[in-house]
Amino acid sequence: MTTLGIIGGGQLAQMCALAAVPLGVRIKILERATEFPARHLASAVLHGDWDEGAQVWALAQQCDFVTLENEFVDAAALRYAEERGAIVRPGSATMATVQDKYLQKTAFAQAGLPVPAFAAVASPAEVVAFANQHGWPVVLKKRRNGYDGKGNATVRSSSELDAAWAKLGASGLYVEAFCPFERELAIVAVRGADGARVAYPLVETINADHICRTVIAPARTSPDIAQRATQMALTAIDSVGGVGAFGMELFLKADGSVLINEIAPRVHNTGHYTIEGCECSQFENHVRAVLGLPLGSTALRAPHAVMVNLLGAGSGSGAPQGLTQALQERGVGLHLYGKTSVSKGRKMGHVTAVGDDLKEVLARAERAAAAIQFGTT
Ligand SMILES: Nc1ncnc2c1ncn2[C@@H]1O[C@H](COP(=O)(O)OP(=O)(O)OP(=O)(O)O)[C@@H](O)[C@H]1O
Ligand SMILES: [Mg+2]
């Protein structure tokens, strides 16, 4: 039996494990927490720090392949295990590029892909020089470890700069031109160990407070935009030598141009709809890629799919309210992540609906999502 080690045990590991088991795969997980979503799906859990090479190697020694569910795992720790013979996918070289957003953007720019203007900055004066060239506002970002917008600050003028500089920690920053987007789009692409590539449909993401709320598949755009975005995703994954599923976030501008915001070297929230929506989900295709198996079809099973995230409303235990009502909604896929505590905005689960009529599919998914609450009591 093939054993797959996953670094990190959150909901992405949970859904990878659920896709891996029917392929005859056993799962082992390296996690620092003692309670986590994928815990009960793993045949073994190693408690340890994924930034320590020795811990990653300890996992790898019990597994045929190792993958990861977050982009924060230190590339040097992965390299430590690779040097001792571990097969890690995506590998340390890819992770070193992708987990530093400045290096990531540099790789894309070198591959000829459209990205907002950007520059590494070591002082506020360099941000002002950048803004003088590209205009205000600018977006100041941490090169590493940002998520849910927490490592970013939009700076509208030089008077806002000092506060933003202080907030982000004043080191390891880069700056980007502000992109006046009309909509945010996303696409998941998967590259096999043999270099074969597939891409899922282009989707629309509706975010609030920097957190993804709703995903509409396929995106309501022209075929030309979808085709361009697909090509961009495939080129981007090649440019970083990625193996596995990669989620790419894009900006669509009013003139129809599409720019890359960022790529995540893992299965992505904007691809959760593929479980019910596509012939082979992003999770199954990720597992197939990591194991060196042929990739599956990314075709939609129905004309439309909508995913709505279930986010925490406040803090408390992770128990859901309103489950009975939500389950009465016909044809809705419910995915709870089993987290034992909730906080405001925390991703606790998601629902997906598919069907022929987008308005009806959207309404059905939203009704089911609205029925379930976390952190309200
Ligand atoms: N250059 C930009 N111009 C305009 N808006 C931007 C720019 N960069 C980021 N944003 C906005 O901020 C959001 C979060 O930015 P980004 O994706 O870089 O951060 P993150 O913390 O890595 O994201 P997440 O974890 O939410 O994917 C984007 O989805 C977009 O709405
Ligand atoms: Mg993002």
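Trainee: Which strands each supply at least two residues of the shell around ligand 1?

Mentor: The model is a predicted one, in which local features need pLDDT of at least 70, side-chain atom pairs count only at pLDDT 80 or more, and totals for chains, interfaces and linings use all residues. Residues are numbered from 1 along each chain as its sequence is written, while chains are lettered from A and ligands numbered from 1 in the order in which they are written. Strands (E, at least two residues) and helices (H or I, at least four) are DSSP runs numbered from the N terminus. The strands that each give at least two shell residues are E6 (138-142) and E14 (258-264).

Trainee: How many residues surround ligand 1?

Mentor: A residue counts as near a molecule or strand if its C-beta atom, placed from the backbone, lies within 6 Å of it. The closest ones to ligand 1 are Val 139, Gly 146, Tyr 147, Glu 176 and Cys 179. The number of residues surrounding the ligand is 19.

Trainee: By class, how many residues of the shell around ligand 1 are charged?

Mentor: Asp, Glu, Lys and Arg count as charged; Ala, Val, Leu, Ile, Met, Phe, Trp, Tyr, Cys and Pro as nonpolar; and the others, Gly among them, as polar. The shell has five nonpolar and seven polar residues. Its number of charged residues is seven.

Trainee: Between which domains does ligand 1 lie?

Mentor: The protein is divided into domain 1 (2-88), domain 2 (117-177) and domain 3 (181-371), with bounds that come from an automatic or database domain assignment. The C-alpha centres of domain 2 and domain 3 are 29 Å apart. Because both of these give residues to the shell, the ligand lies between domain 2 and domain 3.

Trainee: Is strand E8 (residues 173-177) largely enclosed by the rest of the structure or exposed, and why?

Mentor: A residue is buried if 20 or more other C-beta atoms, placed from the backbone, lie within 10 Å of its own, exposed if 12 or fewer do, and partly exposed in between. In a regular strand the side chains alternate between the two faces of the sheet. On one side of E8, Leu 173, Val 175 and Ala 177 are buried, and on the other Tyr 174 and Glu 176 are buried. Five of the five residues of E8 are buried, so the strand is largely enclosed.

Trainee: Over how many bridges do E6 and E8 pair?

Mentor: Two strands pair if DSSP finds at least two bridges between them. Strand E5 (residues 118-121) is joined to E8 by four bridges in an antiparallel run, with Ala 120 partnered by Tyr 174. Lys 142 stands opposite Leu 173 in E8. E6 and E8 are also antiparallel, and their number of bridges is five.

Trainee: Which strand pairs with E9 over ten bridges?

Mentor: Strand E9 (residues 181-191) pairs in the antiparallel sense over three bridges with E11 (residues 203-208) and over three bridges with E10 (residues 197-199). E9 and E10 form a hairpin with five residues between them, and Gly 195 in the turn has a positive phi of about 90 degrees. The antiparallel partner over ten bridges is strand E13 (residues 244-253).

Trainee: Which residues is Cys 16 in contact with, leaving aside neighbours within four places in sequence?

Mentor: Contact requires C-beta atoms, placed from the backbone, within 7 Å of each other. With the neighbours within four places set aside, the contacts of Cys 16 are Ile 6, Glu 69, Val 267, Phe 283, His 286 and Val 287.

Trainee: What is the phi of Asn 145?

Mentor: Most residues other than glycine have a negative phi, and most peptide bonds are trans. Asn 145 lies in the loop between E6 and strand E7 (152-155) and is partly exposed, with 13 other C-beta atoms within 10 Å. Although Asn 145 is not a glycine, its phi is positive, at about 65 degrees.

Notes:
Two residues are in contact if their C-beta atoms, placed from the backbone, lie within 7 Å.
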